[in-house]
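Here is a short briefing to read beside the structure. Keep the sequence and the 3D view open as you go.

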Amino acid sequence: MTLIGVPGRSGGIAVVRRLAGHLARGLVMILVVTTISFLIIRNIPGDPMAAKYEKLVEQGMSPEAAQQAVNVLYGFMPTGSMWEQYLDYMKGLARLDLGQSLTVPGTGVGTVLMSAAKWTLIPVLAGTLLSFLVGIILGVYAAIKRQGKLGDLLAISGSLLHGVPQYVLALLLGAIFTTLIPILPAGGTADIMFEPGFNAGYIGSLIQHATLPVVTYALASYGGWILAMKSSVVTVLGDDFILAAELRGMKRSIIFRYIARNAILPLFTILALSLGMLFGGAIFIERIFNYPGLGLMLIDSITGRDYALMGGAFLLITVAIIIANIAADLLYTVIDPRVRSGGEAA
Amino acid sequence: MPVTDKRAPGVRISDLSVVYRTGAGELPAVRGVDLELVPGTITGVVGESGSGKSTLALSMLNAVQPPGRIRSGSVDIDGLGDVVTLGGEDLRKTRGRHVGYVFQAAQNSLNPLKTIGKQLLDLGRSHEVDDLPGLVKEARSLLDRMGLDGARVLDSYQHELSGGMRQRVGIMLALVLNAHVVVLDEPTTALDMITQATILRIIREVHEERGLTTLVITHDLGVVAEIADRLAVMYGGRLVEQGPTREVLGAPRHPYTRGLLQAIPRLVGDIDEARALPGRPPTLGTIPPDGCVFRERCDVRMDVCETGEPPVLTIGPRIVACHTAAGEGEQKETVTTGPTRGEEQA
């Protein structure tokens, strides 16, 4: 009559130890990722300064003047071996200094990332949460009614939206709501006629401009949620304890809760990861709706060979995913008692 | 229609047929079963895997799972009527409240995300139990009776309990609402010998204490020998022999029952005396439509077995369906009931 692990008692220490382990692993991962991305970024062909220099020369500037202008513009020219550059970069990182952006001269990478992040976080977060909520609720129905027309319809809608690439959806919705029925703006974040700030006009315009990106993002990810939830619910429906609950005469509403709660568990990992991925921005959607988020910034930094900004963006994505993983793990200790007691499930 | 009478209810299963829809049409899993559960007795149903015994057990609650369905027959329980005709809320309230069911895979019959106590409360709320503290008290005392620390078990999650403990929790949940008909489907499968013995003793004790009518489904003749007053042997969806346990085991009349007994290895004597029954039991698809279901494996087969349905003969307190027993007893069609009440109980 021994209980294997008692929840709650040693729980606190276990969580702290778990967290410490996660953080240590996270730091190692960050180190590895930054090193790899540093090497890759520095080895891709193209040199932004040389490119600028050539551009200025093409525009009719003398080579000396162009060289001068480039130096003034960027404030420095990288010297030293790759190894020295790497050490400099890492030292900077240790001080949380991500370096200077090359495409937005004179601005720190951190500042550029921050200003882009706010345009990604809110719409993509809204889109993810919206599609998650709608997807899981409809996913439960798709599973329960899987033998009927409604279930088929829901599953088909999921597969269809899951299969259509994001940019096709974006272009389609853009064409419909900005051209055929021009009720939404085609791009940007807000109308320039409004003073940015906490006023109704500006906020209204913000929402108007965010609608298409959010809806596109939500629709594009909805399919994944409904399909994942459906299969998860179908698995739980086959579990013995659901039949057992029915044989004990449990109320339908209670059985429904049993099913939903057990089925949603595996989806939290996916949700946490996609919240981490959020920092990669929605590249196609931001490009099409000209929304200045992280995705757009990443494209610009790559085309502009902005090493520092690229490195910063990759680092941000890495850190976000690692944090999301840790958050997911801690979340499980709250919502899944089997994880709480150290996973010694019998 | 609550059971107001405190005495154990009787159960009469008549001409019960259950079919499963398959690619090859509807195939019978249970065919024309007649079985009376005498009030206050334990009836054991034995048979090999696929003999239809679990389907029979589920029929007691009108809970045959799709693609199966009860095609004909009735399960008449004193005070409840024919459960085959019940549906919706009436059926739900019968389950658990009046007919307790201990699940075949009782190890997995609990929601992994909730403590046993919370699931107990869900059960109470499902059956409109007003006195929830009383229910908890009852559950605790039942668990205590079964040799567990009731308070602690109610505070535990499924994964913190061993197989034997979960099995006892399953029995507790079947009894806690004071059901007087209890169906136990393989209550000791997958348990070690000592735990099995303990569980069987508990079943027997609680059965006598509470005055229950109990049906135990098992593939293990030893289990039946230990606790059942009456024994029914099932083969290929049919009851081939039934009667008081000691008589059936002491002098089996059906060749299948004899085969089962001969297949048991003894602790004393020559191990070679145990002879496995040749051949394999029929599956849904291979049950012969005409003649005796057992003839393929029978060592006393006659020509008539190929074509003629074995007559169901009543010989004293026993019923046997075999051509070889013809002439020994009365044919079923000439008597109106199965075993009479008040017969000698082993």
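Two strands count as paired if DSSP finds at least two bridges between them. With that rule, Tyr20(B) stands opposite Gly68(B) in S4(B). The model is predicted. Chain A has 14 helices and zero strands, while four strands of chain B form an open sheet.

**The sheet of chain B**

- Strands of a sheet pair through backbone hydrogen bonds, in either a parallel or an antiparallel way.
- In chain B the strand order is S2-S1-S4-S5, and the pairing is antiparallel.
- Which strands sit at the edges of this sheet? They are strand S2 (25-37) and strand S5 (81-82) of chain B, and each of them pairs on one side only.
- Nine bridges link S1(B) to S2(B) in the antiparallel sense.
- Within this pair, Val19(B) faces its opposite residue Pro28(B) in S2(B).
- A hairpin connects S1(B) to S2(B), and two residues make the link.
- S1(B) also pairs with S4(B), antiparallel again, over eight bridges.
- Look for Tyr20(B) here: the residue opposite is Gly68(B) of S4(B).
- S4(B) covers residues 68-77, and two bridges join this strand to S5(B).
- Which residue is the bridge partner of Ile77(B) in S5(B)? Gly81(B) is that partner.

**Backbone details in chain B**

- Pro66(B) and Pro67(B) are joined by a cis peptide bond, with omega at about 5 degrees.
- Pro67(B) belongs to the loop between helix H1 (53-59) and S4 of chain B.
- Asp15(B) is part of strand S1 of chain B.
- The phi angle of Asp15(B) is near 45 degrees, which is a positive value in a residue other than glycine.

**A salt bridge in the sheet**

- Side chains of opposite charge can pair when their charged atoms come close.
- How many salt bridges does the structure hold over all chains? The count is 20.
- One of them forms between Asp76(B) and Arg12(B), with the closest N and O atoms 3.1 Å apart.
- A salt bridge needs those atoms within 4 Å, and the 3.1 Å of this pair meets that cut-off.
- Why does this pair tie together parts that are apart in sequence? Asp76(B) lies in strand S4 of chain B and Arg12(B) in strand S1 (residues 11-22) of chain B, so the parts they join are 64 residues apart in sequence.

**The helices of chain A**

- From the N terminus on, the elements of chain A read α-α-α-α-α-α-α-α-α-α-α-α-α-α.
- The C-alpha atoms of chain A fill a box of roughly 90 × 60 × 40 Å along the principal axes.
- Now find helix H5 (residues 109-144) and helix H8 (residues 200-237) of chain A.
- Their axes come within 4 Å and cross at roughly 35 degrees.
- The crossing of H5(A) and H8(A) is right-handed.
- Which classes of residue make up the contact of H5(A) with H8(A)? There are 24 nonpolar, six polar and one charged residues.

**A surface patch on chain A**

- Val28(A), Val32(A), Ile36(A) and Ile40(A) make a nonpolar surface patch of about 350 Å².
- Where is Ile40(A) placed? Ile40(A) is in helix H1 (residues 11-43) of chain A.

Note on methods: Residues numbered from 1 in each chain as written. Chains lettered and ligands numbered in written order. Predicted model: local features only at pLDDT ≥ 70, side-chain atom pairs only at ≥ 80, totals over all residues. Heavy atoms only, no water. Axes fitted to C-alpha atoms, helices over the stretch in contact; angles between N-to-C directions. Left-handed = near helix turned anticlockwise from the far one by under 90°. Nonpolar A, V, L, I, M, F, W, Y, C, P; charged D, E, K, R; others polar. Patch = residues over 30% accessible without salt bridge, like charges linked within 9 Å, V, L, I, M, F, W, Y side chains within 5 Å. Areas by Shrake-Rupley, 256 points an atom, 1.4 Å probe, with all protein chains shown as cover. Salt bridge = Lys/Arg side-chain N within 4 Å of Asp/Glu carboxyl O.
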